[in-house]
Amino acid sequence: MYEQTIQTIDVPDKLCEKSGISFSVVNNNDISVFPFRKPLPQNIGKSSEFAPCEGSVYMLKANSIMDDPELRKLINESHAIFVSSRSVPTDENSKHRVLEQSREHRSSIRQCIENMHQAMCSRNADYENWIKILESIELIWHLCELLHLEAVHSDIVLPKLIEWSRLNSVEYDENISKELHFGKGAEIRIGEKYWVQIMSLLVESRFEATRALLRLHSEADSKSFMEADAILRGIPIYTIYCGLSPVEFNGRWRAWKSMVRSKISAGTFSAFPHLLNVMNILGGVEPLFPLLKPHCHTWYQMLTAILQFSDPMVKVHDLNYYAQQCIDQFGGLSKLRLLDHTILALFDADLATVIKKLQLTADNGWSAVHLTNLLHLSGCLNKSPETAVDLEPMLLEYGQLLMSHKRFWQIGLMYLKYCPTHGKESIAIQLCSLPIDNTKIAFKVIEAARSNGLYDVVKSICRVLAMKHVKEGNYGNALTWALTSKDAEVMTQIADKYLYKYSTGSSDKELNCHNILTGLGQSVFSSGRLTFLCKYCDFQRCYQQGKVNEAASILIKLLESRISPKYFWFTLLLDALPLLEMKIGTPVFSHEDSNILLANLEELAIGWVDNPVRKTHNFNDQIKIIRLAITKNLARTLLLQSNAPTNSNTIICY
């Protein structure tokens, strides 16, 4: 929105110099640049003339509003105002509340500009470009606020334009304050700077300050200066509180103007050429443009001055006519910048064009989103289909931009929540693409997904984290994330890997999964593998606590139900071995239990040639040891049953 020089960036790559370059858009702010030459039709399928070579990809990142600490404050403040604006009830006071929030936004912009000025002085920070951008945004925002968010009494806009034109005149106020400390003297009478300040005040319609400065002149007691003071004192100023209708004010203003012109014609000010120029401007003596242009920095500053001295009752729809005349004095339409075109669109009440122009500003869509939001809430964009502007695409783009940054993803989430059509889908995509560096961030992202009803996203994130821990060999944490996801497939995969690692002897550690599985309740039945793992952990716990009968019962049920994976049978049979060899009065395993153990052992020994446990060291020897232990247990149980006082049961032997 201001004059910029085109920046040239050198790519320090010899291959790029030889072949040429191309680029690809990565996201809203980044592009990748790489060596590239389009192959000729006859060379398609053949090796490049540069092969073999080492190519590099260079990332070019545009300046972002999220890269600077001062601008980050602006993002946070505007987010709070945005959320607050969305809670404004639609009643008779809603427009007043929207106007207050617009002023809060402008206050944040002004504070950011002041902070940048201080940073430039204190730590030599380079904020010149950002200051220009923010000042342009503030100028447009203020004008839009005055013309469209505030009430315009009787459609008379000059009071609003005068207020707006004084926005960037702080330096004049400081200079005049210093000047007012001087006394009367010849240096004031003959100083060009004095009259430049007089004209600057006049252009901004600061008539009281103009009178105060004229009274400092060494000839202030002369008739000419006293008449000038009386004219300035009596100038009609239209406000809603002046007590006059537009027609009455117009009559009074014309009478005052005729009086000024009559005094000019009478030669009252002819002795003082500079004072005569001042009176010519006040009287609207043609031509005004040559008198005003040296003291106006922009065409819109001249517009305000021209209207004050030629048509103070101008209506909104007439602004464009006067604006074109002022633009011609500054080189015509060809010299206009983006800022100028945006201001012209505001004068024409073309808010749709204003929003489009704001989207071209180098602030990553910040101003367009927040100003459009206020205009939408005030009803200014819904007056006709021609002026309607869809806010959702802007919210989507801005929210996605914020979510791409690790500092602002939660703020970006709030903007996407207010997108009724595509907001939920966008939130799902952005949450899945967030880099999760630690558990704290993971829980925040999962909570955000749950609060938005995105349970598939929760499953997806937990699945990714679970698989990440599996690759790292951390099966305990992997199982925890699998349980959090409540995804039966993931639970089965993790539990299966957990059991397989344990059964094949890849780890000397115990399962140590009891703490993870405690308190799951019905969740253990989400997966057959998980149910088995839970029961197997119960077996280990009972065995370690000396509850051998309970442990034996669990072990037999696991084998009998066939819920365990076949590669884990060998582990279960090895776990049964110390129970079979216990030297106690009554065997831990009954005759029926021994038969179940033996049946599983024989099936394991002769079946499933590709079973990985068959590759275990001394597999055949261990099978013999287990078979011998089961045989001895069968013999003991047979002996005990035969010696029982009553034996009506039939003993089954294999």
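The crossing of α3 and α18 is left-handed, a term used when the near helix is turned anticlockwise from the far one by less than a right angle, whereas clockwise counts as right-handed. This is a predicted model, in which local features need pLDDT of at least 70 and side-chain atom pairs count only at pLDDT 80 or more, while totals for chains, interfaces and linings use all residues. Residues are numbered from 1 along each chain as its sequence is written, and side-chain values use heavy atoms, with hydrogens and water left out.

Two packed helices are described by the angle between their axes and the distance between the axes. The axes are lines fitted to C-alpha atoms, for helices over the stretch in contact, and the angles run from 0 to 180 degrees between N-to-C directions. Helices (H or I, at least four residues) and strands (E, at least two) are DSSP runs, numbered from the N terminus. Angles under 35 degrees count as roughly parallel, over 145 as roughly antiparallel, 65 to 115 as roughly perpendicular and the rest as oblique. Two helix pairs are set out here.

| Helix pair | Angle | Axis distance |
|---|---|---|
| α3 and α18 (residues 366-378) | roughly 165° | within 9 Å |
| α28 (residues 548-561) and α30 (residues 591-606) | about 50° | 10 Å |

The helices α3 and α18 are therefore roughly antiparallel to each other. In their contact (heavy atoms within 4.5 Å), Lys-95, Val-98, Gln-101, Ser-102, His-105 and Ile-109 of α3 meet Trp-366, His-370, Leu-374, Leu-377 and Ser-378 of α18. These residues divide into five nonpolar, five polar and one charged, where Ala, Val, Leu, Ile, Met, Phe, Trp, Tyr, Cys and Pro count as nonpolar, Asp, Glu, Lys and Arg as charged, and the others, Gly among them, as polar.

Ser-108 also has its place in helix α3 (residues 94-123). Leaving aside its neighbours within four places in sequence, Ser-108 is in contact with Leu-74, Glu-77 and Ile-81.

The helices α28 and α30, by contrast, are oblique to each other, and their crossing is left-handed. Here Ile-556, Leu-559 and Glu-560 in α28 meet Asp-593, Ile-596, Leu-597 and Asn-600 in α30.

Rings of Phe, Tyr and Trp (its six-membered ring) pair if their centres lie within 6.5 Å, and planes under 30 degrees apart count as stacked, over 60 as edge-to-face and the rest as tilted. By this rule the count comes to 20 aromatic pairs. One of them, Phe-82 with Tyr-415, is stacked, at 4.5 Å centre to centre and 25° between the planes. This pair links distant parts of the chain, since Phe-82 is in helix α2 (residues 69-85) and Tyr-415 in helix α20 (residues 409-417), 333 residues apart. Phe-82 is buried, with a relative accessible area of 0%, and Tyr-415 is buried, with a value of 0%. Elsewhere, ring pairs link Phe-532, Tyr-536, Phe-539, Tyr-543 and Phe-568 into a cluster.

As for the whole protein chain, its secondary structure comes to 31 helices and three strands, and buried residues make up 47% of its 654 residues.

Methods. Buried means under 20% relative accessible area, exposed over 50%, partly exposed in between (1.4 Å probe, protein chains only).
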